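Please read the following briefing alongside the sequence and the model.

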Amino acid sequence: MPEVNPVHARLKTFPSGPGVYLMKDGSGSIIYIGKASSIKKRVASYFRENVIDPKTKILVKNIRDIEWILTDSEIEALILESSLIKKHRPRFNVRLKDDKRYPYIAVTLGEDYPRVTYTRTIRKDGTRYFGPYTDARAAKNTVDLINSIFKLKTCRRNLPLAPHERPCLNRQINRCAGVCQGVLSKEEYRAIVDNAISFLEGKIAPVVSNLRELIKEHSNRRDYERAAELRDMLYDIQAISESQKVHVPAATDQDSIGVSVFDTEAVLVLFEFRGGVLLGRKIGICENVEYAAPGEIIGGFLRDHYDRADVPHRIITAHDVPDRQLLETFLSGKSNQKVRITRPRTGDDRGIINLIQKNIDVIAAERYAARARADTREGLEELRGVLSLDEIPRVIECFDISNLGGSDAVASMVVFRDGRPDPSGYRRYKIRGYGAPNDPAMIHEVVSRRMQHLVNENLELPDLIVVDGGKTQLSRAMEGIRNFSKTVRVVSLAKRFEDIYTEPGSPPIRLLASSPGRTILTALRDEAHRFALAYHRTLRSARSRKSLLDGLPVGAAAKAALLGHFRSIRAVRNATVEELQSVPGIGKKTARRIAEALKEMAPD
């Protein structure tokens, strides 16, 4: 049976009606807010013996008190739950992040001469809002496009102008229809604004039809200049609509949405179709999703998103949304039409969901790459502090040795610039002075060769040098560096505990495993190790080929033909006389000589 909870004894006193419950921890902080058709039944379900949901188990362990608020209906409970989550931001509730950062397009219908503007502020003043948009650039570009096509008023001046006032620059360069000069009546201007709204809604066909009628009317009145302006507007709209390649077969209003969870965050992407045409892509980031199912995340997002966005009659998602019917009822009430939340049913539905998933993958990659860059900056700053450097180490070089019993000993040098690999700066070295294993001496050799090259060629010196190993490797590396520079810092990184040695006689520095500075150093060392091993394998493979092929009684062309035909030294060694003879350019006698030579060779 679960641990006895102080709330458990009070369950019988909870009301059976619909409402919202607020769970609190020992400090009195609200940690979870939920809704229910029956508060009593829903809260009791958290304390059952057979609960297996990890989120519920952890939540119950932290509950020390529960408050509740009765409502008249479950719909009211849904609305109240949303507002309370936004206010209190409980740590166990999935919630939409950065809600205020997304921009909107506003049509200021409360003004006599409405404008189409970019904004991040929602006001209840009669303004109609479209969005939220993916990013600021998308919203601003759309505003510019609308104002350019429809030549709407963009200034804040009161109309009509006083007799002595001159029109704004937009009117003078024909980017405004000129309502300030009476070119259009107030009614005609509002008709153009209505077309702009229809355009934002994705209703292209009615806009085109309306403009054609207006063109005809002005032509009949012999107002050819205005008819020409409307014609140009019509051409621009048609060009934009024809360039729209993503659509749904039926001219319907629908949204398709997908989600993926990344650690404690979820990335959601919503494709907004109006009149069968894709109007835009909306992005949502939700937090506190570690224990949440995809359908639960989508349900919460839809509730919050459509609080400020137009609701289509169909919403498509590949996940089962909890309380789907309740959410449908809530959204239907907001939009005054029947709203359905459905799974993909057709190939087109599934294709759109797949496209959304690709968008999510790209967005997540960009988002977490940006976060990695932020972690990298923090890591470099940490290294500057712990190593007492004057500046952050923008250029770091790392050396590693790879050898097998002393044979084919090589060294690698990799470069990180601003905390990220710079493969163009990687170098490989064959160890010259040692035939037996001696990593410290080999480190001394390769570091000295590198420093001598940089000094002789007057090239940029690194801000920090890292060598793989402990105090002995550090001591020999410092000897090699000090012969050429007194300022370049060098440290060694020991594998066992990732200890950082800065001086041979001083205790090492040990950073936390999660520290960004340690992450950079271990990534640097691991990359140097990988690069050294790859070079070592290449040399061993080349030596193996050379030792076998050089012993064959044939010329270079025949050796190349053998290797090209059999693809490997093992296959050449195992080939029969007949198989050798099948190689172009090798006759029967030559094949026999090769076979006899191969028999005399000891296997590698």
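Buried means under 20% relative accessible area, exposed over 50% and partly exposed in between, with a 1.4 Å probe and protein chains only. At 11% relative accessibility, Y32 therefore counts as buried, and Y21, at 1% relative accessibility, counts as buried too. This is a predicted model, in which local features need pLDDT of at least 70 and side-chain atom pairs count only at pLDDT 80 or more, while totals for chains, interfaces and linings use all residues. Residues are numbered from 1 along each chain as its sequence is written, and side-chain values use heavy atoms, with hydrogens and water left out.

**Aromatic rings**

- The whole structure holds 6 aromatic pairs, where rings of Phe, Tyr and Trp (its six-membered ring) pair if their centres lie within 6.5 Å, and where planes under 30 degrees apart count as stacked, over 60 as edge-to-face and the rest as tilted.
- The ring centres of Y21 and Y32 are 6.4 Å apart and the ring planes stand at 40°, so this pair is tilted.
- Y21 lies in strand 1 (residues 19-24) and Y32 in strand 2 (residues 30-36), 11 residues apart, so that the pair links distant parts of the chain; helices (H or I, at least four residues) and strands (E, at least two) are DSSP runs numbered from the N terminus.
- Ring pairs join Y21, Y32 and Y46 into a cluster.

- Leaving aside residues up to four places away in sequence, Y189 is in contact (heavy atoms within 4.5 Å) with Y113, P114, L152, K153, V179 and L184.

- An open sheet of 3 strands runs in the order 6-5-7 with antiparallel pairing, two strands being paired if DSSP finds at least two bridges between them.
- Strand 6 (116-119) and strand 7 (128-130) are at the edges with a single partner strand each, so one side of each has no neighbour in the sheet.
- Strand 5 and strand 7 pair in the antiparallel sense over 3 bridges, and A106 stands opposite Y129 in strand 7.
- Helix 6 packs on the sheet, touching strand 5 and strand 7, and its direction makes about 155° with that of strand 5, where axes are lines fitted to C-alpha atoms, for helices over the stretch in contact, and angles run from 0 to 180 degrees between N-to-C directions.
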